[in-house]
Amino acid sequence: MSDKYLSVTALTRYIKYKLDNDKYLQDVYLKGEISNFKAHTRGHFYFTLKDDTSRINAIMFSFNASKLKFMPEDGMKVLVKGKISVFESTGNYQIYVSDMLEDGVGNLHIAFEQLKKKLGDEGLFDPKYKKEIPKIPMRVGIVTASTGAAVKDILSTIKRRFPICKTILFPCLVQGELAKDDIVKKLDIADNYNLDVIILGRGGGSIEDLWPFNEEVVARKVFSCKTPIISGVGHQIDFTICDFVADKRAETPTGAAERAVPVLTDLLLEIDNYKIRYLNSVKRILDNNKLRLKKLTDSYVLKNPLSMYEIKEQKLDNLIDKFNTCMNAILYKNKSKLEIVLNSIVFKEPTILYEDKMKKTNHLIEKLEILNPLSALKRGYSIVKKDNKCISNINDINKDDMLDVTISNGILNVKVVNIK
């Protein structure tokens, strides 16, 4: 009776035989979008080819892959040629690609670049908005899925590096349509939880898997948070919009944990170094002050305090002597001047000086009297003026001119009748 039953291997081989001998499946031409792309170290390419509703596993061996003029990547739309067969170990059917052409960039990549440009133009990536990550955080929030390798890696890394730090998990969806709203909600809660830093992360995956971290609403929430945020999404080659908006980007969730907390032993060593430097500095200051104190205590002034007083006393005596000498010189000079004045003729015979001055004055008066034109008028002379100007030449007057003739006791107004 058991002869009716086939083994799984036998069935898989039968299906593989059928597919391999179906002429319609030997040259298949497909178009779709690459997802979950992986380049093996041996040169083979493994990926998924998908459209809106279906997907198929694909492999391109190195002897065909080496002929490509471009490097395939997630989200790239391509045209492939190959054959359909079954991989016996898993029973999955897949396409073995022999040739591949680019068919434009995938829609998700276009949306990624468009949002990246939009937010970049708004300044959300500007370094001036990046907040400093605290050097010694004591409360770290983790926004990621509650299960999976990412949260384990983050928690184990923090515990290993900085076990005195408190970690608080805010579990959220990291994949699917509902993930973006859940991430925003959990970030809002964490931002009001009095944390030093927040780690936002998840493990690697395709561009579709990581897409919630490329949503605009998530990016704007990361930018608006008051708490510094470290983004650790995917693997080293993965980049999301959150990476550009966050205050710090890490290649992986583990890297995010390493950037969030220091190594406790390194801090302790640094503290010890500071202690040594501090003690050396204090010792150096004390030694310098001791040396200064010794110089002071050994100084001549402190050992002979009266010597300073004696020196000042001597200087004061010298100054007093100089002052007295100067004052005596001034007094002597002024006394000599006074004696000269007192011995002068002005003080001894003041009338002589007066008489001399009177003689000189009278002599000047006599000279003035001689030169006085009025004196000449008394002797019979006159002054003739025409139009208030003195006439000294007969040619300056004409017949019938009116003249003013000044004599000793008045002025005559005369008319010229005749000129001789």
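Tutor: The structure holds 17 salt bridges, in a model that is predicted.

Start with Lys50 and Glu208. Their closest N and O atoms are 1.8 Å apart. Lys50 sits in strand E2 (residues 45–50), while Glu208 is in the loop between E8 and H6, so this pair ties together parts 158 residues apart in sequence. Lys50 counts as buried because its relative accessibility is 13%, and the cut-off for buried is under 20%.

Next, Arg259 and Glu251. Their side chains form a salt bridge at 3.6 Å, N to O. Arg259 is partly exposed, with a relative accessible area of 35%. Glu251 is partly exposed as well, at 25%.

Then Asp401 and Lys386. Here the N to O distance is 2.9 Å. Asp401 belongs to the loop between strand E12 (389–390) and strand E13 (402–407), and Lys386 to strand E11 (residues 383–386), so the pair ties together parts 15 residues apart in sequence. Asp401 counts as buried at 15% relative accessibility. Lys386 counts as buried at 19%.

Some bridges share partners. Lys118, Glu122, Glu216 and Arg220 are joined that way into one network.

Now the surroundings. Five strands form an open sheet with parallel pairing, in the order E7-E6-E8-E9-E10. Strand E7 (166–171) and strand E10 (248–249) are at the edges with a single partner strand each, so one side of each has no neighbour in the sheet. Strand E8 (residues 197–202) pairs with strand E9 (residues 229–233) over five bridges, in the parallel sense. Ile199 is opposite Ile230 in E9. Helix H4 (residues 149–161) lies across strand E6 (139–144), E7 and E8, at about 165° to E6.

The largest nonpolar core has 32 residues; Val143, Leu187, Leu200, Val222 and Ile229 touch the most other members. Two or more residues come from each of several elements, including helix H3 (107–122), helix H6 (216–224), E8 and E9. H5 gives the most, with four residues. Beyond four places in sequence, Ile229 touches Leu187, Ile198, Leu200, Val222, Ala246, Asp247 and Lys248. A second, separate core has 19 residues, among them Phe37, Phe47, Leu49 and Leu68.

Definitions and conventions. Residues are numbered from 1 along each chain as its sequence is written. This is a predicted model: local features need pLDDT of at least 70, side-chain atom pairs count only at pLDDT 80 or more; totals for chains, interfaces and linings use all residues. Side-chain values use heavy atoms; hydrogens and water are left out. Two strands pair if DSSP finds at least two bridges between them. Contact means heavy atoms within 4.5 Å. Axes are lines fitted to C-alpha atoms, for helices over the stretch in contact, and angles run from 0 to 180 degrees between N-to-C directions. A nonpolar core is a set of buried Ala, Val, Leu, Ile, Met, Phe, Trp, Tyr and Cys residues joined through side-chain atoms within 4.5 Å. Buried means under 20% relative accessible area, exposed over 50%, partly exposed in between (1.4 Å probe, protein chains only). A salt bridge is a side-chain nitrogen of Lys or Arg within 4 Å of a carboxyl oxygen of Asp or Glu.
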